[in-house]
Amino acid sequence: MFAPSRRRVLEAVASSSSSSVVTLPGFLVPAFQQTAGAAARRNFSATTTRPSKLGRTPLSIPPGVEITIGEPFVKRDMTQWKQQPKRKITVQGPLGQLEMDIPDFVKIDHDAEARRATLSVANRDEKEQREMWGTTWAYLNRFIMGVSEGHTAVLRLVGIGYRATIDTRPEKEEYPGQQFVCLKLGFSHPVEMGVPKGMKASTPQPTRILLEGINREQVMTFAADIRRWRVPEPYKGKGIFVNGETIKLKQKKIK
């Protein structure tokens with residue numbers, strides 16, 4: 001931070017008694033004041049930490065949905081040097097069952113009679129715990145909605161000759177009864193994509209694809225994989241649009 005000669009001068013000044021008078025060069029006065037006042041330095045931000053707005057909101061559990069909280073366990077993770085105990089949360093409903101692992105510092109107060117669950121963390125001052133507070137709430141809320149109502153995604157095929165059908169391919173299926181989304185997108189060959197296990201696909205219209213499932217992350221990931229074959233382009237507005245996706249058209253380049 002300082003040159004060796006300046007550091008020795010500062011150490012000499014700090015070790016000297018208050019009765020002795022020491023004269024500092026002018027260019028060292030700001031540095032000495034900064035060193036002396038380092039202990040009284042205030043933080044960059046004086047804003048107090050606030051609890052998560054989502055995390056402190058109670059979760060409403062509809063009839064027919066049950067939440068099971070497992071015992072803490074330590075899962076071996078090669079990406080972290082510190083082993084963090086976790087707990088397994090199981091959400092079961094009329095449409096299926098979903099599981100997830102949450103950190104042990106996230107506490108769930110499950111009131112079975114009132115059909116309500118409240119989340120809290122051990123220490124609100126730690127950044128990681130505040131982040132996982134709202135994230136865990138969002139995942140649980142999607143799981144509860146998924147096993148009770150389900151999640152959907154609608155894909156729109158915009159383009160001349162774009163078509164979609166749902167067929168079976170016994171020679172390619174990864175599990176019995178797997179569906180395949182067959183797309184005609186202007187290539188020299190049709191595009192065939194297998195529907196992941198636990199999901200359903202249908203085509204209400206030749207240019208519409210309806211995806212249904214209990215896991216929203218799985219549904220939207222498969223929708224993104226389909227969209228990747230024809231990303232919407234801004235000049236003609238052609239492509240595959242997911243849900244209410246829109247694109248702003250650009251003017252053609254005039255030379």
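Start by selecting His151, which is found in strand S8 (residues 151-158); helices (H or I, at least four residues) and strands (E, at least two) are DSSP runs, numbered from the N terminus. This is a predicted model, in which local features need pLDDT of at least 70 and side-chain atom pairs count only at pLDDT 80 or more, while totals for chains, interfaces and linings use all residues. Residues are numbered from 1 along each chain as its sequence is written, and side-chain values use heavy atoms, with hydrogens and water left out.

Is His151 buried or exposed? His151 counts as buried because its relative accessibility is 9%; buried means under 20% relative accessible area, exposed over 50%, and partly exposed in between (1.4 Å probe, protein chains only).

The side chain of His151 reaches the backbone oxygen of Arg142 at 3.0 Å. Next, show what else His151 touches: not counting residues up to four places away in sequence, the list includes Met145, Leu211, Asn215, Arg216 and Val219. Contact here means heavy atoms within 4.5 Å.

Move on to helix H4 (residues 216-227). H4 has 12 residues and reaches 16 Å from its first C-alpha to its last, close to the 16 Å expected at 1.5 Å a residue; the expected span is 1.5 Å times one less than the number of residues. Select Val219, Phe222, Ala223 and Ile226, the buried residues of H4. Seen down the axis of H4, these buried residues fall within an arc of 100°, so they line one face of the helix; the arc is that of the directions from the helix axis to the C-beta atoms. An α-helix has 3.6 residues a turn, so residues three or four places apart point the same way.

What covers the buried residues of H4? Among the covering elements are S8, strand S10 (179-184), strand S13 (208-213) and strand S14 (239-242).

At the N-terminal end of H4, select Asn215. Asn215 caps this end, with a side-chain oxygen 3.2 Å from the backbone nitrogen of Glu217.

Pro72 is partly exposed, with a relative accessible area of 46%. Leaving aside neighbours within four places in sequence, Pro72 is in contact with Lys86, Arg87 and Asp104.

Finish at Leu54, in the loop between helix H2 (29-36) and strand S1 (59-60). Leu54 counts as partly exposed, at 42% relative accessibility. Show Thr135 as well: its C-alpha atom and that of Leu54 are separated by 8.6 Å, though the two residues are 81 residues apart along the chain.

Conventions. Polar contact = N/O pair within 3.5 Å; in protein donor to acceptor, adjacent residues only side chain to side chain.
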